[in-house]
Amino acid sequence: MSNSHTGGTATMPLAGADRTRSRASSHHEHAAPLWGNTDVPFFTRGSIVVTALALMGVAMIMVRLFFGLGAVTNLDTQYPWGIWIAIDVATGVALAAGGFTTAFIAHILNHERFHPVVRPALLTAMLGYTFVALGVVMDLGRFYNIWHVLVPSMWQGNSALFEVGMCVCIYLTVLYIEFLPIVCERFIGRVNLPGVLARLNGAVDGLLRFLDRTLGKVMNFFIIMGVVLSCAHQSSLGTLMALAPTKLHPLWHTSILPLQFLLSAFAVGLSMAIFEGMIASRSFRRPPEMNVLSPLGRIIPFLLTIYFAAKVIDLVGRDAYVYLFEFTGRSVMYWIEIVGGVVLPWAILLSHRMRRRPAWLFAASAMVVFGVALNRLNVFIIGYTPVYPDHRYVPAITEIMLTVGMIALLVLVYRAWVYLFPILPAEEKGAHHA
Amino acid sequence: MVSRRDFLKITGTAATTAAAGLVSVDAALGADHGKHLDPDRVGVLTDLTICIGCRRCEWACAEQNGLPHGDLSQCDDASVFEHMRRPDAESFTVVILYDATAGTENSKFVKVQCMHCEDPACVSACIVGALEKDPRGPVTYDAWECIGCRYCMVACPFQIPAYEYHNKLTPKVMKCTLCFERTMEEGRRPACVDMCPPEALVYGKRSELLEIARNRIRNDPGRYHNHIYGEHEVGGTSWLMIGDRPIEEMDLPVLPEQAPPVITETIQHGIFKGFTGPVMLFGLLSVLMKSAGDRRKEKEDDHV
């Protein structure tokens, strides 16, 4: 079972003739659009609910744009940042880390067995970052000035937020470029434009072939860039709150906050790949890809160990561990974050037997996702105390509606994309004998 | 077909191009933690033992900055002291009564406004440089550059910048600018200083204000608590305060001497200055990718 040369590798057209094909599209035989390849209709009971929530999200975007921040948020002088920053942006970036972590393992370390998770993770990252950008725009008071970040005369290199903004901008572009070969693969030889545009079929096809060839030559550069940019802004996101030493609770405020953000991104990236992979399998009534996901789960405990060490050594080193035993709301949140989000999934994933069980693998990866999401919430909201607090920040119902709506919209677009593009592994008839 | 040599060449060329672009970003990096400041920079000294809580400064400030205000007589309304007030989107400065039980006699008031830090966290936070520390003292704000991220508000250790949340399209960060035009361009004193009836506020060079503060404390140790608030707090502030008791008894935040930007800018520049970190990571990943590819190739060749 654990032999990597079973199953997938046999059908992998890697050696020999196919070597002339570009790296970027050399594994396409493994993925196929769901359209016409599944019995599951696009609109099921579940996806209709998601669609309704997504429509609510779109409506909320309009409300925010027309009525302004004051009307739809509970933000004020004491609490300038709410859940749109903590969840839509900070958590969104962390949970989109599957893109660069799987690319690192599959493309840079060249572990072929993990290729099936690369495309779903890439799609999650691409859509995730698109929605992070949208989330930022929603939160900006003068959203129409966002391009200022790209104007050299306004660059402010001392700002961690500038670093995050720049990296996210470039990385989003890189993600779209990384996705292009999938578009090429989908349409090369199948360009069929409607009406008069049909005359352009040949030209578009030629363009796609050219793109595919060119991208094949430079894709390694973009893959490496993607990892470098991710490491840079995942960590800088942690630097953000390091600037508020007197406001962020000592359980979380440390000068190694950027390192902790980066390490947790590593762990949560792979966990997200498992988490979403298993949800997709269930949604499309397929058996989970345990021969890929289970070995992926094996890596996570190592990453969690390093993250855990960075948290604990830091707490002890700063003598901040004393706050753990105050058992105030905040210390309880810290305990939940560490025990529920790190220690428990670590123990589960360390066990070879449990890792092989879909339910446990799913539970463990969901716990890591939950733990990192809670960490971001703790750092940006729960651990934050204004200088002169006279109330606690509780998100407005409209803030929650926008956040939920945007997540639903993301899920919906993801679903549409896997129907339209070769993202998910093609069903191998009778391949699931194990 | 892309050979390994080509791969390295392409990657190398692309990396060089990227690096060249990054050099210009690198120019934008440059922490100096107050080193660019003018030795003659100005500030204000608030002597809280003199303040009588007349709130004329609030009125003068609102008048100067075009903020909503009633007529002068409303300043005598003492009922505003019953609730905690903070500077907000409609007032850059407020006078608070920090010990309501003691009644409204002298020395129970604190005038609150932007402290104009020497190494301001808001300026370090600002993504586009809309907030700037003028070498001559004031921390200024340019609404036209601002994108409205409000990171300055998160960063400020005094909870000063406020936001026009209810302005739908053109909200601004609202805070005292040390009457920038009035002081820096017209050479006058800030409106609040000009107005203050008992002269609790002194405007001048920060170095001289420190001298004045030290002299007052030395000459009348019974009147003053021996601490100049803002001399060292968060790396020093242009606005200074002296009073008759420890700061923690006056509803002012007790702050470390290290400026917050020292923490984050040390991290940022440690990683990104000269782009050493990212470039090294890029190189390392390229080598990893190549060697992993080579190993795979060898394995495949063995199979053939």
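The following questions and answers walk through a predicted model with helices in chain A and a sheet in chain B.

Student: How many helices and how many strands does chain A have?
Tutor: Read along the sequence, chain A follows the pattern α-α-α-α-α-α-α-α-α-α-α-α-α-α. Of its 434 residues, 57% count as buried. The count for chain A is 14 helices and zero strands.

Student: How are α2(A) and α14(A) oriented to each other: roughly parallel, roughly antiparallel, roughly perpendicular or oblique?
Tutor: Helix α2 (residues 45–67) and helix α14 (residues 397–420) of chain A pack with their axes 7 Å apart, at an angle of about 130°. The crossing of the two helices is left-handed. The orientation of α2(A) and α14(A) is therefore oblique.

Student: Into which classes do the residues of the contact of α2(A) with α14(A) divide?
Tutor: On the side of α2(A), the residues that meet α14(A) include A:V50, A:T51, A:L53 and A:R64. On the side of α14(A), they include A:M401, A:L409, A:L412 and A:R415. By class, the residues of this contact divide into 15 nonpolar, five polar and two charged.

Student: Is A:T51 buried or exposed?
Tutor: A:T51 lies in helix α2 of chain A, and, leaving aside residues up to four places away in sequence, A:T51 touches A:F43 and A:L412. The relative accessibility of A:T51 is 17%, and because the cut-off for burial is under 20%, A:T51 counts as buried.

Student: How are α4(A) and α6(A) oriented to each other: roughly parallel or roughly antiparallel?
Tutor: Helix α4 (residues 83–95) and helix α6 (residues 115–139) of chain A have axes 9 Å apart and pack at an angle of about 160°. Angles over 145 degrees count as roughly antiparallel. The crossing of these two helices is left-handed, and α4(A) and α6(A) are therefore roughly antiparallel.

Student: How many nonpolar, polar and charged residues does the contact of α4(A) with α6(A) have?
Tutor: The residues that make the contact include A:W84, A:I85 and A:D88 of α4(A), together with A:Y129, A:V132 and A:D139 of α6(A). By class, the contact has eight nonpolar, two polar and two charged residues.

Student: In chain B, which strands are the edge strands of the open sheet of three strands?
Tutor: The sheet has the order β8-β1-β9 with mixed pairing, and its neighbouring strands are turned by 25° against each other on average, direction ignored. Strand β1 (residues 42–47) pairs with β9(B) in the parallel sense over four bridges, and B:L45 stands opposite B:L240 in β9(B). Each edge strand pairs on one side only, and the edge strands are β8 (201–205) and β9 of chain B.

Student: At what angle does α7(B) run to β8(B)?
Tutor: Helix α7(B) lies across β1, β8 and β9 of chain B. The angle of α7(B) to β8(B) is about 135°.

Student: Which residue in β3(B) does B:V95 stand opposite?
Tutor: Strand β2 (residues 94–97) of chain B is joined to β3(B) by four bridges, and the two run antiparallel. In β3 (residues 109–112), B:F109 and B:K111 point one way, B:V110 and B:V112 point the other way, and all are buried. The residue opposite B:V95 is B:K111.

Student: Is B:V234 buried or exposed?
Tutor: B:V234 is found in the loop between α7 (206–219) and β9 (239–242) of chain B, and its phi is near 35°, a positive value in a residue other than glycine. With a relative accessibility of 3%, B:V234 counts as buried.

Note on methods: Residues are numbered from 1 along each chain as its sequence is written. Chains are lettered from A and ligands numbered from 1 in the order in which they are written. This is a predicted model: local features need pLDDT of at least 70, side-chain atom pairs count only at pLDDT 80 or more; totals for chains, interfaces and linings use all residues. Side-chain values use heavy atoms; hydrogens and water are left out. Axes are lines fitted to C-alpha atoms, for helices over the stretch in contact, and angles run from 0 to 180 degrees between N-to-C directions. Angles under 35 degrees count as roughly parallel, over 145 as roughly antiparallel, 65 to 115 as roughly perpendicular and the rest as oblique. A crossing is left-handed if the near helix is turned anticlockwise from the far one by less than a right angle, and right-handed if clockwise. Contact means heavy atoms within 4.5 Å. Ala, Val, Leu, Ile, Met, Phe, Trp, Tyr, Cys and Pro count as nonpolar, Asp, Glu, Lys and Arg as charged, and the others, Gly among them, as polar. Buried means under 20% relative accessible area, exposed over 50%, partly exposed in between (1.4 Å probe, protein chains only). Two strands pair if DSSP finds at least two bridges between them.
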